Each structure stands twice: as C-alpha cells, then as structure tokens.
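Subject: Structure for you to look at

Hello,

Here is the structure I promised. Please open it beside this email and follow along.

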Number of protein chains: 2
Amino acid sequence: MPSGRALEMLRNLLGDASVLTAETLSGRHLTDWSGEGFATPEAVLLPRTPPDVAAALAICAREGQPLAIQGGLTGLAGGANPQPGEFVLSLAKLNNIETLDEMGGTVIGQAGVNLGTLQDYLGARGWHLPLDLGARGSCQIGGNAATNAGGNRVLRYGMMRDSVLGLEVALPDGTLLTMLNQVIKNNAGLDLKHLFIGSEGTLGVITRLSLKLIPLPNARCTALCALPSFQAATHLLREARRSLPELASFELMWDGYVAAALSVLRRPSPFHERHAVYVLIETLGTDEPAMQTAIERCLEHLVESRIVEDAVIAKSLEQAKSLWDIREAASELMSKLRPFIAFDVSAPLREMEGFVNRMSELLQSSYPTQQHLFFGHLGDGNLHLLTGPYADDAALHDVKMRVYAAVEAIGGSISAETGIGFAKKEFLARSRSPDEMALMRALKNTVDPQHILNRGRIFD
Amino acid sequence: MPSGRALEMLRNLLGDASVLTAETLSGRHLTDWSGEGFATPEAVLLPRTPPDVAAALAICAREGQPLAIQGGLTGLAGGANPQPGEFVLSLAKLNNIETLDEMGGTVIGQAGVNLGTLQDYLGARGWHLPLDLGARGSCQIGGNAATNAGGNRVLRYGMMRDSVLGLEVALPDGTLLTMLNQVIKNNAGLDLKHLFIGSEGTLGVITRLSLKLIPLPNARCTALCALPSFQAATHLLREARRSLPELASFELMWDGYVAAALSVLRRPSPFHERHAVYVLIETLGTDEPAMQTAIERCLEHLVESRIVEDAVIAKSLEQAKSLWDIREAASELMSKLRPFIAFDVSAPLREMEGFVNRMSELLQSSYPTQQHLFFGHLGDGNLHLLTGPYADDAALHDVKMRVYAAVEAIGGSISAETGIGFAKKEFLARSRSPDEMALMRALKNTVDPQHILNRGRIFD
C-alpha cells in the first residue's frame, strides 16, 4: 500500500494542519456538481504555496500515489471527484490576489482565488475579468483555466483561455513551471500555457495565473426579441454582430423552453402571442443611451421586414433582470425534471436547426412523457438540451447515445464548455478521432508518465 | 547519404513534376525576408494533397531526411531558410479555398492559400478574416497559423491563434491529424491545435485550416493624436478602450520616429508644433457617422484636460491613408538605415516608458551617429525599435545583447509577433526559463523524435 509512506512524507512537507484525513473531512472535498461517483479519500492535501504543490507532486509521482485535483468543485463532468485510492489535492488555501497592474490591466492571482471575490476586487478598481458563470460564487480561477470555462459572454470576450496571459504550473516531476507572462503578444517559442488550459488537471496543476482584464463596463442594454423561425434568428445574429460592436450575449430559446421557464417562474409572457423562437440580446459598454439607440435602430429595421416579430427593450436593471430570469430558469427547471440530462453540445450554425428538429422529433416519439427543452448561446454555436425526467439509467443512457451520435453526424462537439471528466469519457470518440486520442495520450505520457494527475479523466 | 534513397521514394510518391531540384529552382524557395543564412536545397517538394504531405513526412522520418517547411516566405526569423542537407517542403500547391459557411461565418482553406486572395474572396461575400499584415500579398494562411501572426488589429481581434477554429496537421509518423473543427466552443478533450499554432513548423505541417470570420467591416474612422507624454498616451488608451468598442488599432509613435518618417516621406507634419508622442487610432465598423461622433466625443474631453494636445480626424479614405503612411514609413526607413536591427519586443505597459528612456539614452551614448526610432502597437504592449545603420556585425550583436538583456529585466518578450526561428534563438533564454525549454524539447521529442521538421529552429 503506497499511500502510507506517501502520506508520511506529505505530512512532513506540508505540516499536519494542511493534510486532512477521513475523520476531519466533514463532507467537503468529496464531489462536484455533476452527480458522478466518488470515494472518500484517505487524505486531502491543502498546500499553501506553489513550491509546496510542486514538491507534493514529486512525492506522489515517486510513490505512485494518484491524486484528484480540486478547485471550487463546481464542475459538471465529475473530474474533481476522488476515486478509490486517490488523495485529494485542493487549491483552496492558495487564494491570494497578488498583483494588479492598473495601467496595463492585468492581474496575477493564485489558483484558488474565488471568481466572485476577484470580480469584486477588480470592479472596485475599475477593471473586470470578462468571464461570467452561474458558478461565480464558488468556482476558482485555477479551475476556470484548467477547464477553459465558457459562460454567457463568450461571443464577445472568448472563453477563459482568451483571458489567460500566463500560468504557473506544477508538474509531476516536481518542476514549478513559472510562465507568468503579463504581455499580450508573446511569440518567443512554443506557447506552453495552452497545453494546460482545458486539460482538466490531467497534465499539471495550475498554481498561479496572469489574467488580461477589460475596463469595467458600467452600462448594459438588454432586449428580448420574438422571431418566427431559427432562420430569422441567424439573420438577427448577423445584423447584431454587424451593427452592435458591444454585443456580449446572444441567447436563443425555443418556444417550448420559454413556456416551461415562464411556468416554473409563474410569470406571464412578455409578449401577447407565442413565437417560434426568442433571442435575449445584451450589450455591455459605458454609454447607455447610445447603446439603447443602437439596439433600437438595429431592431426597428428588422421588425419592419418581419424578421423580428416583437421585441421588449429593458428600461431598467430590474426589467433586464426579469428578462434574464427566463434564460436562467434553466437551473430551476433542472430541479423539476430530475433525473435529467443537461446536454452541452456545439454545432455549426448551418446544422443547428435540422439537429434541433431531428432531436425534438426523435425524443418526443421515444419519450413522449418527458420534457425536451432547447436553448443555448447561439452566437457561439453552443446548444443546451435539457431533457427529463427519466425513470431509469437505461433510458438516460439511450438518450445520450442517440444525441451524441447525432452530434457526431453533424461535426459538432459533445462538450462545448463543460469538459469531459468522467461524465462524457465514454462518448469522447464521437468528437475525437483515434489519431487525436493517440496524441492526447502521448502528451499525457510525456508530462505525467506515472499518471498520478486526475487518472482516468478524459482518457485512460 | 540518406537523401538519394529518400528522394527516389519522394519522386515515386509525389511525381517528378512535384519535386524540383537545384537545376529547376530558379532562385525561389531559398530565403525568407529575414536576411538569415540559407543553403541551396537538393530538392524542393511541392505536394498537392494533404495525404501526400503526411506520406512525404513518413518517408523523410524513416530515412532521417530533414526538411525546411515553407509557406509564403515572408517570415522575419529565417525559419523557412533551408540549411545544408535539408530538403524543402513547400505548401505552395495546396492552395484551394474549400468551404465557406456563409451562415456561421467560417471558412476551410488549404495551408498554401494566400492571405490577400482569401481576403478578396471573403470580402466579395460579406465576410472578413481580421488578420492584416504588411505581408498580406505574399504570406499564406498556413504560415500565419504556424507563426501565430499578429499585425495591426490584435488589440481588437487577437492574433492568428484567435481566428483558428481547427487545423489539419501532418505529423512525422505519417499521421494526418484532421481536426477541422468549425464550432467556436469545443472542450471535448485537449485542444490539440494550440500545440501547432506558433510552433514555427517544428511539430507538424499544417495542411488545412478552419477559420473564424467576422462580418466585413465597411466603415473606418482614423485619427492621429498628439500628446505631451507616454503617460498621457496610456490615459488615452484606457479612455479609448472604454468608450470606443470598435477600436481596432492604437499605434504609438515617439517624436523621433515621426520626424524621421515625415522626412523620408518628404511631408510636413500635420501639426503646427512638435509633441512628445503621437497615437494613431482606428475604429472599424459599419456606421461611419456614429464612429466619427464617438471618436470626436472621446477626444474632445481629453483635449480639454490637456491629455491630448492636438488631433487630426481623417475626413476621407485618402486622409486616413496619409495618416497611416506615417506609421507604415517604417519599411522605407529600414532601407535607409541598413544594416539595421528591427526589434519586435513586448513589455508590460507600466515598464514601457522606462524601457524606452533607458534604451534611448544607452543607444544614443554608445551609438550617437545611428538613428534609434521607437514605435509600436501600444494597445498590445508591442514595441518596435528600429536602429541603424551599423558598420559591423560586432556592433549589431552588441546592440542585440543590450536590448534583450533589458527586455529580460522587465519581464518582456524578445519576440512579440515575429517568432524565434534562427534569428533570435541565441536570445531565447532571455524570455524562457530552462524548465520551459526542457518542456518544449520534450514535446518536440514526443511528436518529432527524429527531428526532421525545421531542425534547429527555436531549440536544438
């Protein structure tokens, strides 16, 4: 049993107070938001410095001790859930915001910094990290980078990858690779940070990040549009991208989703009639009247040509919130549709309508008593399908098989933003070829030859 | 001599017409724009299909035949220049634009497609690739991705990396890795394309690309501002980023550069007086009057508070061009200052003024008869220093040593956009640690164990 010796060395390195054991765990460090399986770990390591992380990895590599790497435990793929025999390595104590460059708009922080805490700190100083997620109150910036988090503003600002200027990463050989680049352009050799961003903790442990900020946008303008067809929504998207440079969100919701959302919110529709699809638009900037005028002008023309059938422009933050409530009712709908599947796929825009129609028909005919609700970040080609409740695991698995096969057929991705972890590993071949899998494994073997980091996540 | 057998197999694979030899070369395929050394290659391979590229690599790997990979030969680091014993592999015949998705705004093209040709094709259909470079008439999109090209609009649209959705890459083991993802969000496993983008042809040969487009911007607004200090320019940058969402370029020029540029252009200054620094601003969008008003409003306030001392807003495309002429006079200045060094470094914004002052003093005291001209993409932290003429190689080397040491001291990058190749290899340790170099080499050894691809570029 290798864990005894490793544990003793880790206690010597980190100190007893930084090594929790089964008795002192109190239910934390066990599972993320995915509902995937987990085992109670024999030890939870809470290193307080980046060099301690690197030294801990070196011990575990030598002793063959596998680790589950944990950030804020808000993942939806189960990657952070400890498996039998694994220790947990948590970044929770590495939570210092280290340096803000107020002139250049960059910040260096430790991996365990909470996203919401960082946003508050930056906002008070006129800066902003454009990443925004439902999990903002619990997630950590190290985990955001390790999983390449997405969210509601990818259309304008990109994924977390696009906000990362530099990383510090601890490797299984004990190296602490400090690449805390603070410059925007850097073509001096291979850009190694990209190897670790989105690798879900399988190649190294992120200990610090250098992030690119934007000036805090202090005005926003929100509108909900009702449209006769998906085709009309793509027309609106093209017009909005062309004429609204501050466009940050473009959220598509099919009628069935909106009806279910309004029902769970116990609210009347903001429109007199029902429409085929709805789009929630939001611009972020500094000049609210100018943004309002720009949205009005963009929509006016489209309403005249019947591409947009109706529209509500929020006149207050409260009204904006009530429009966003419809989009964010997804989480309440999940509670109602349990046991559910929340698909997070992406598809080329030209394939999306056909895909939704085929999936809708297929699911309605095979599972007529369940609800099948479609919505997503249309501007990013990211489609969510919330479907449930399902009586048994066989049905859940059957639905996954069918949906992922259809995603493969249109060249989509089985995971737009939530990663693979354990939850989607079985289906990864739907989005990745054997050659791609072989190269992923070759990289894993190069950087983590003992497979101590998040073993069995993504690939074997 | 391995090349004879390899050559015979390559002729069988590609056909005689696709293998040029010394006699049929006619001066092409020898050197890029860097002025770095080269040797006449024994053979130049011009494969016509992606599978042929992969098969050619497999032959060369088996036979230990090293290759220089060539795109449009516009690089400034010498990476494409053949070395003794190398064959050339050119992407010139892989030049089909394959698929435009007019709904989603994505295009798939072969690596050898010329950037200017692609822009014309896209522009006629209402789409645009936001990469723009001086080399646009000669460079190829495969080379743009392999070197992660930058240019004048990185501030808004990012580097070439940010426009690449997917790649097809031929590997030395003969694998053709097809990852022509057309979706914007894809977290299904490691994002392998980033391994190859910016790797300067050392890890694989890009054969096809899937690119993300923007709606064609059909209006632009250009202004030249005169400011009393670098500090004032950073203030203008922050205000412009905040209030001009369509801001695409923010080019800083110090007074000495502008004076030299106006002299080589034989033009009077657009301003009555001289000023410490000048900033060229450009916004790109669709509504010209609105953009003009936004720039006027942004500058008005700054002129009142003396942060901007004077400003010219272009009232026509011709006037805009004459303002850009000052920025683009850099190429004419190069001819005048030969033998020169054109530094392409980046620095954190807070360090840039001190760096420029120190370098200016140091160079003026050591090389008082040379000109030392500072300018750059301030919004990206990218600084250019054009210095010359130098009488001998020792002086050139001395200047490089001093400048790169100063770049290291402020945590900058010795290559913001032009890469390493052979030209900057000697100085790479100024921007990369031994640990980073070790990981780069480990990746090279994993993917190209025989080191047949661009051997000796970036690292040994």
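First, a definition: a salt bridge is a side-chain nitrogen of Lys or Arg within 4 Å of a carboxyl oxygen of Asp or Glu. Over all chains, the whole structure holds 43 salt bridges.

Some ground rules. This is a predicted model, where local features need pLDDT of at least 70, side-chain atom pairs count only at pLDDT 80 or more, and totals for chains, interfaces and linings use all residues. Residues are numbered from 1 along each chain as its sequence is written, chains are lettered from A and ligands numbered from 1 in the order in which they are written, and side-chain values use heavy atoms, with hydrogens and water left out.

Two more terms come first. Helices (H or I, at least four residues) and strands (E, at least two) are DSSP runs, numbered from the N terminus. Two strands pair if DSSP finds at least two bridges between them.

In chain A, 7 strands form an open sheet. Their order is S15-S12-S14-S13-S17-S18-S16, and the pairing is antiparallel. Which strands stand at the edges? They are S15 (310-313) and S16 (341-346) of chain A. Each has a single partner strand, so one side of each is left without a neighbour in the sheet. On average, neighbouring strands of this sheet are turned by 15° against each other, direction ignored. (Axes are lines fitted to C-alpha atoms, for helices over the stretch in contact, and angles run from 0 to 180 degrees between N-to-C directions.)

Helix H8 (residues 255-265) of chain A packs on this sheet. H8 touches S13, S14 (277-285) and S17 of chain A, and its direction makes about 90° with that of S13(A). Contact here means heavy atoms within 4.5 Å. Helix H13 (residues 393-409) of chain A lies across S16 and S18 (382-388) of chain A. H13 runs at about 10° to S16(A).

Now look at one pair of strands. S13 (residues 247-254) and S17 (residues 371-377) of chain A run antiparallel, joined by 3 bridges. Met253(A) stands opposite Phe375(A) in S17(A).

**The sheet of 5 strands**

Chain A also has an open sheet of 5 strands, in the order S5-S6-S10-S8-S9 with antiparallel pairing. At its edges stand S5 (97-101) and S9 of chain A. Each of these has a single partner strand, so one side of each lacks a neighbour in the sheet. Neighbouring strands are turned by 10° against each other on average, direction ignored.

How many bridges join S8 (residues 164-170) to S10 (residues 205-212) in chain A? There are 6, and the two strands run antiparallel. Val169(A) stands opposite Ile206(A) in S10(A). Helix H2 (residues 50-63) of chain A packs on the sheet, touching S6 (106-110), S8, S9 and S10 of chain A.

Arg208(A) pairs with Glu98(A), the closest N and O atoms being 2.7 Å apart. The pair links distant parts of the chain: Arg208(A) is in S10 and Glu98(A) in S5 of chain A, 110 residues apart.

**Where chains A and B meet**

The contact takes 83 residues from chain A and 83 residues from chain B. The two chains bury about 6600 Å² between them, 58% of it on carbon and sulfur atoms. (Buried area is the accessible area, with a 1.4 Å probe, that two parts lose on being put together, summed over both.) Lys185(A), Asn187(A) and Leu190(A) supply 14% of the area that chain A buries against chain B, more than any other three residues.

The interface of chains A and B has 10 salt bridges. One of them joins Arg161(A) to Asp191(B), with the closest N and O atoms 3.9 Å apart.

**Local details**

The peptide bond from Gly388(A) to Pro389(A) is cis, with omega near -5°. Pro389(A) sits in the loop between S18 and H13 of chain A. In chain B, a cis peptide bond joins Arg338(B) and Pro339(B), with omega about -10°.

Arg306(A) is not a glycine, yet has a positive phi of about 65°. Arg306(A) lies in the loop between helix H9 (288-304) and S15 of chain A.

Best wishes
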